[in-house]
Amino acid sequence: MKRTQRKRGNETKRSYKKRMIKNVVLFLLCASFCTACGNAGTKQVEPVMGTTLPLQNEIESVTGDTIQENESTLQEETQKTMQEIYQEIMEIIEQPEMVILNDNYIANYYGVDLSLLEDYLFANAEDVIYADTIVLMKVKEEASAQAMKDVLDNMIAQKKLELENYLPEQFQIVEKSEVVVSGSYVYLIISEKAEEIQSVITQYLN
């Protein structure tokens, strides 16, 4: 009986020692793991800090692209068709009754090659006693701008011949007029209020 109790006591001690050893091993393993995690956490900071500059550059790039897009959008909004510019002129500046000329008249009477134009508008005073004329053109290629200027110079010369002996006051208005070339745009304003009209045009064509 005593031997049995002694034997059980020895087994209990051995089990206790095994548990203790097992706990110590587990503790050491956990400590090593935590140290490794701590080091890993520290190492992760370096790549993040290292990517700060590229990230900043990327942000600046995106911001720059956004600014360019906004400028492009703004530029598109400020660009108007010849018809829209003409309408604005008529709304802001008082003019005699005007008539917009059709393609056949422009091509046949003034000799304009419309295939060279991307956008255009020709308008004359409806009443022949007025010399008022508004011509707005945008050529497809800037190389064609001079040819269009020559056409409008001929228009001025023709109007002078028509008015010189009949309407001297209107003749003076025509004589003061000149063709303007600005990049792809060519225009002619014959009017007592030519300066006011041109100030509207230059907002969009220059």
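Is Ser-115 buried, partly exposed or exposed? With a relative accessibility of 46%, Ser-115 counts as partly exposed (buried is under 20% relative accessible area, exposed over 50%, and partly exposed in between, with a 1.4 Å probe and protein chains only).

**Before you look.** This is a predicted model, in which local features need pLDDT of at least 70 and side-chain atom pairs count only at pLDDT 80 or more, while totals for chains, interfaces and linings use all residues. Residues are numbered from 1 along each chain as its sequence is written, and side-chain values use heavy atoms, leaving out hydrogens and water.

**View 1. The chain as a whole.** Seven helices and five strands make up the elements of the chain (DSSP runs numbered from the N terminus: helices are H or I with at least four residues, strands E with at least two). Reading from the N terminus, their order is α-α-α-β-α-β-β-α-α-β-β-α. Of the 206 residues, 28% are buried. Among contacts with a separation of 6 or more, 56% join residues 24 or more positions apart (a contact means heavy atoms within 4.5 Å). The accessible surface is about 14500 Å², and carbon and sulfur atoms hold 53% of it (Shrake-Rupley method with a 1.4 Å probe; for residues, only the protein chains shown count as cover).

**View 2. Where to read the model with care.** The average pLDDT of the chain is 78, and 62% of the residues score at least 70 (pLDDT is the predictor's confidence in each residue, from 0 to 100). Over residues 39–49, pLDDT stays under 50, and the model has zero contacts there beyond four places in sequence. Residues 71–76 likewise stay under 50, with zero contacts beyond four places in sequence.

**View 3. The largest nonpolar core.** This core has 25 residues, of which Val-112, Phe-122, Met-137, Leu-152 and Leu-188 touch the most other members (a nonpolar core is a set of buried Ala, Val, Leu, Ile, Met, Phe, Trp, Tyr and Cys residues joined through side-chain atoms within 4.5 Å). At least two of its residues come from each of β2, β3, α5 (145–163), α6 (168–176) and β5 (185–190). Helix α5 gives the largest share, seven residues. A second, separate core holds 20 residues, including Ile-85, Tyr-86, Ala-125 and Val-180. In soluble globular proteins, nonpolar side chains tend to be buried together.

**View 4. Around Val-112.** Leaving aside residues up to four places away in sequence, Val-112 touches Ile-106, Ala-107, Leu-117, Phe-122, Met-148 and Val-151.

**View 5. Ser-115 and Val-139.** Ser-115 sits in the loop between α4 (103–109) and β2. Its C-alpha atom is 9.1 Å from that of Val-139, 24 residues apart along the chain.

**View 6. Two salt bridges.** The whole structure contains two salt bridges (a side-chain nitrogen of Lys or Arg within 4 Å of a carboxyl oxygen of Asp or Glu). One joins Lys-138 to Glu-118 (3.4 Å, N to O), linking distant parts of the chain, with Lys-138 in strand β3 and Glu-118 in strand β2, 20 residues apart. Another joins Asp-153 to Lys-149 (2.9 Å, N to O); both residues lie in helix α5, four residues apart, about one turn of the helix. Asp-153 is partly exposed at 29% relative accessible area, and Lys-149 is partly exposed at 23%.

**View 7. A nonpolar patch on the surface.** Val-128, Ile-129 and Tyr-130 form this patch, together showing about 300 Å² of accessible area (patches are made of residues with over 30% relative accessible area and no salt bridge; like charges are joined within 9 Å, and nonpolar side chains, Val, Leu, Ile, Met, Phe, Trp and Tyr, within 5 Å). Tyr-130 belongs to the loop between β2 (117–125) and β3 (133–139), and is partly exposed, with a relative accessible area of 38%.
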